[in-house]
Amino acid sequence: MLTLTSGVLLYCSNNEASERSRARREMTQKSIEQVLQEHTREWMSIPGVVGTAIGECDGEQCIRVLVINKTPELAERIPDVVQGFVVDIQETGRIRSLHSPEPE
């Protein structure tokens, strides 16, 4: 019975967290594009971050922060949620232009 109760509490707390996230997003009334634009310069100044984008996480729009290597240090510096939008750190490796020469 304790396990079942714990499972129900976990479900409720996750559901409540999702509701709080939506409520915060409604309060800011900023689009994901606006929020991304406001924070991109800050995130791009962090060593190892190579880009930002809008993606999809669990069926909802989210902000993706693209990094060379996903490390615990980067996870500490980049928030999980910004202004109600989930932030997902995605390891991409180094990104370079197709028109620039390869580094030696």
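Residues are numbered from 1 along each chain as its sequence is written, and side-chain values use heavy atoms, with hydrogens and water left out. Because the model is predicted, local features need pLDDT of at least 70 and side-chain atom pairs count only at pLDDT 80 or more, while totals for chains, interfaces and linings use all residues.

Biologist: Which cysteine does the disulfide join to cysteine 57?

Modeller: A disulfide is taken here as a pair of cysteine sulfur atoms within 2.5 Å, and by this rule the count comes to one. The S to S distance in this link is 2.2 Å, and the angle about the S-S bond is 55 degrees, which makes the link right-handed. The partner of cysteine 57 is cysteine 62.

Biologist: Is histidine 39 buried or exposed?

Modeller: Buried stands for under 20% relative accessible area, exposed for over 50%, and partly exposed for what lies in between, with a 1.4 Å probe and protein chains only. Because the relative accessibility of histidine 39 is 16%, this residue counts as buried.

Biologist: Which residue is the bridge partner of arginine 64 in β4?

Modeller: Strands are DSSP runs (E, at least two residues), numbered from the N terminus, and two of them pair if DSSP finds at least two bridges between them. Strand β2 and strand β4 (residues 85-91) run parallel and are joined by five bridges. Within β4, the partner of arginine 64 is aspartate 88.

Definitions and conventions:
Helices (H or I, at least four residues) and strands (E, at least two) are DSSP runs, numbered from the N terminus.
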